[in-house]
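Open the model in your viewer and colour it by chain. The stops below say what to select next and what is there.

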Protein chains: 2
Amino acid sequence: MDRPLPQLEPDPSLPRRVTVYEVGPRDGLQNEATVVPPAVKAELVRRLAATGLGTVETTSFVDPRWVPQLADAEEVLGLLGEDGTGSRRPVLVPNECGLDRALAAGVGAVAVFGSATETFARKNLNRSVEESVAMFAPVVERARAAGLWVRAYASMCFGDPWEGPVPVEQVVDVCRRLMDLGCDQLSLGDTIGVGTVGHVHRLLAALDAAGIGPERTAVHFHDTYGQALANTMAALRDGVTVVDAAAGGLGGCPYARSATGNLATEDLVWALDGAGVETGVDLDALVGTSVWMAGHLGRPSPSRVVKALSGG
Amino acid sequence: MDRPLPQLEPDPSLPRRVTVYEVGPRDGLQNEATVVPPAVKAELVRRLAATGLGTVETTSFVDPRWVPQLADAEEVLGLLGEDGTGSRRPVLVPNECGLDRALAAGVGAVAVFGSATETFARKNLNRSVEESVAMFAPVVERARAAGLWVRAYASMCFGDPWEGPVPVEQVVDVCRRLMDLGCDQLSLGDTIGVGTVGHVHRLLAALDAAGIGPERTAVHFHDTYGQALANTMAALRDGVTVVDAAAGGLGGCPYARSATGNLATEDLVWALDGAGVETGVDLDALVGTSVWMAGHLGRPSPSRVVKALSGG
């Protein structure tokens with residue numbers, strides 16, 4: 001079939017509406033080997049927004065030495081102009097220096113990127129979990145004082161390549177410290193894609209018991225072990241209504257033996273359309289955008305829906 | 001991580017134990033372009049059984065003109081000897097001629113393959129749904145008289161490439177006619193992979209209301225639109241305990257623009273191990289088998305777990 005099944009009556013175990021938080025231009029592209037010109041990145045954000053996606057994370061003000069792909073953050077935002085501002089166009093800021101650049105660029109929302117494990121905090125942020133929370137404190141405080149919307153990413157919430165399974169209590173503790181800084185939203189990341197549905201349920205229940213309810217929590221799954229959509233649907237049944245995904249599964253190369261891309265936005269929208277959950281996203285337009293982007297990357301999209309609908 | 005997360009406490013919303021019905025050697029291989037020698041097929045069945053898989057469908061006694069890949073059914077079963085008999089080594093039989101061949105080969109279980117839609121019945125079986133049920137009647141009767149275990153596949157239970165969405169009432173009607181012949185188990189097939197979780201729930205509820213409960217029902221999802229695992233987990237929450245899957249996602253070429261493979265057994269076992277659901281399957285041995293088979297097919301496995309665990 002070249003169309004999803006018609007929208008059916010809403011499923012009472014799922015929310016009526018879900019906001020897709022599109023991370024392709026940031027989390028997706030930063031894991032792509034092919035360097036994409038700033039004009040293409042700006043066009044990608046514009047096209048994604050035009051499909052009806054609620055939120056599009058546009059870029060990252062990380063040190064260009066660490067993520068060369070996103071060294072052009074100012075240029076991309078300059079090209080976007082008003083299309084890159086407002087509370088629905090967040091940028092990632094690793095620290096106060098990143099925040100300064102983001103404020104100078106006129107953004108309306110930022111995200112900080114924490115870790116639930118000490119080892120990944122050391123490797124990714126070069127400091128302990130406690131030191132990283134201390135580093136984020138003035139970032140969140142100044143961002144809020146400037147009227148910005150603030151998201152906190154917690155990465156490695158399920159498993160960690162060095163530490164193995166991550167205890168739920170440890171994740172809750174880190175998340176509470178991040179949210180206590182005054183963030184508006186928490187995004188729970190399964191950075192290496194190892195989590196499963198029961199684990200998702202237990203973590204969300206523990207967070208809720210600690211005062212961080214599903215209305216403030218987003219989920220962010222990578223499809224490394226094929227679990228991303230099943231885990232997302234489990235989170236929606238627990239009341240989560242914001243889901244991170246990357247158009248076309250950006251960041252996951254279909255030829256790599258270990259594909260580590262985000263949940264593909266198209267595969268998510270197909271599932272939600274079928275369940276009668278509103279997203280506001282035009283699936284055909286989204287597939288068209290991913291096919292166009294795959295052309296710039298020189299390889300097909302790893303999204304199953306993109307493959308199936310683009311004429312396979 | 002090179003291991004799934006440790007088995008956690010059982011999830012009360014899922015069954016304690018699931019039987020994986022392995023369809024790789026039949027449904028998987030019949031969709032592979034590379035012709036596999038009979039000795040490799042027999043070795044595949046032996047290796048799969050050694051991983052602890054509950055049931056392995058070994059081959060099909062379909063007319064060799066239609067499925068050349070499986071024209072060697074007798075030879076494969078001859079090579080398997082006692083490893084290819086018993087109620088846990090079913091073969092597909094399209095009609096009485098196929099049953100005669102299966103009985104002569106000494107099998108202990110057979111499966112007939114019906115369609116929920118008229119168009120696919122015409123295209124696949126060259127007769128109407130009613131005529132196909134009439135064709136299966138003596139097959140099931142004779143198989144049962146010979147003491148065989150009998151499964152009924154119902155294909156196109158969610159969408160059909162020609163007819164679009166398939167009404168739940170129509171699927172229930174066809175399934176009831178198939179089960180009324182005296183079959184032991186029903187396998188609900190989403191042959192083109194378009195179904196979503198709410199649709200799965202509605203179909204299972206309607207079947208249960210019609211007297212075909214989840215204890216007699218298996219699910220069979222293809223991952224064409226990335227929904228296979230999410231749909232399977234939804235079915236397990238509704239009480240289903242038998243799941244069809246193909247080792248390594250056999251039948252879905254990772255390079256094809258439209259991958260139409262079965263749910264990969266490894267991705268399923270990862271999800272069930274994480275949820276504390278017993279399968280009896282040794283995941284490492286299964287991944288090793290899929291890597292070995294991928295070598296014979298000359299291309300990597302499309303299973304995410306196989307990719308991730310076989311060395312990324």
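Start in chain B and select the strands of its open sheet: nine of them, with parallel pairing, in the order β2-β1-β11-β10-β9-β6-β5-β4-β3. Because β2 (55-56) and β3 (59-60) of chain B stand at the edges with a single partner strand each, one side of each has no neighbour in the sheet. Strands here are DSSP runs of E of at least two residues and helices are runs of H or I of at least four, numbered from the N terminus; two strands pair if DSSP finds at least two bridges between them.

This is a predicted model, in which local features need pLDDT of at least 70, side-chain atom pairs count only at pLDDT 80 or more, and totals for chains, interfaces and linings use all residues. Residues are numbered from 1 along each chain as its sequence is written, while chains are lettered from A and ligands numbered from 1 in the order in which they are written.

Next, select residues 91-92 and 109-115 of chain B: these are β4 and β5, paired in the parallel sense over two bridges. L92(B) stands opposite A111(B) in β5(B).

Now go to N126(B), in the loop between α5 (118-125) and α6 of chain B. Its phi is near 60°, a positive value in a residue other than glycine. Most residues other than glycine have a negative phi. N126(B) is exposed, with 10 other C-beta atoms within 10 Å.

Move to chain A and select M156(A), in the loop between β6 (149-155) and β7 (159-160). Phi of M156(A) is also positive, near 55°, but M156(A) is buried, with 27 other C-beta atoms within 10 Å. Buried means 20 or more other C-beta atoms within 10 Å of a residue's own, exposed 12 or fewer, and partly exposed in between, with C-beta atoms placed from the backbone.

Finish at helix α9 (residues 228-237) of chain A, where ten of ten residues are buried. Just after α9(A), G239(A) takes a positive phi of about 100°.
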